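Please look over the sequence and the model shown here. The paragraphs below go through a sheet and then the salt bridges.

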Amino acid sequence: MQDVYTSLNGYNLKLIDNGDGTYSLNVGDINNSFSITPSDTEDLEHPTRRIYIGADGDLTVVRTGGQTITYRNLCAGFHYISATRIKAAGTTALHIIGEW
């Protein structure tokens, strides 16, 4: 097995050989987590690389690039969203955890 490196939109990506003719994308280690209480005024303690939602709903975030966007009807689970704030207004998802 040999890992493969490629580039996509200027980002260098590492693909992991699964040994069965398929490859997985290595998004890097995520070693830290924190509970998120949505706020319209307070930034997160750390920008996220991934967000976990425990109950389906909408998620309004301020992205690390500064844009505010609402993701509608997200299902419970992990979402690769980089954000500096999870806004209370517009967020209906519950049990939110940020990871980096």
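Which residue stands opposite G57 in β7? That residue is L74. Strands here are DSSP runs of E of at least two residues, numbered from the N terminus. The model is predicted, so local features need pLDDT of at least 70 and side-chain atom pairs count only at pLDDT 80 or more, while totals for chains, interfaces and linings use all residues. Residues are numbered from 1 along each chain as its sequence is written, and side-chain values use heavy atoms, with hydrogens and water left out.

Strand β6 (residues 57-63) runs antiparallel to β7, and five bridges join the two. Two strands count as paired if DSSP finds at least two bridges between them. β7 and β6 belong to an open antiparallel sheet of three strands, in the order β7-β6-β9. Its edge strands, β7 (68-74) and β9 (83-87), each pair on one side only.

The whole structure holds three salt bridges, each defined as a side-chain nitrogen of Lys or Arg within 4 Å of a carboxyl oxygen of Asp or Glu. One joins R85 to D43, at 2.8 Å from N to O. R85 lies in strand β9 and D43 in the loop between β4 (33-36) and β5 (50-55), so the pair ties together parts 42 residues apart in sequence. R85 is buried, with a relative accessible area of 17%, and D43 is partly exposed, at 49%. Buried means under 20% relative accessible area, exposed over 50%, and partly exposed in between (1.4 Å probe, protein chains only).

Another salt bridge links R72 and D58, at 3.0 Å from N to O. R72 lies in strand β7 and D58 in strand β6, so this pair ties together parts 14 residues apart in sequence. R72 is exposed, with a relative accessible area of 57%, whereas D58 is buried at 13%.

Note on methods. Helix = DSSP H or I, 4+ residues; strand = E, 2+ residues; numbered from the N terminus.
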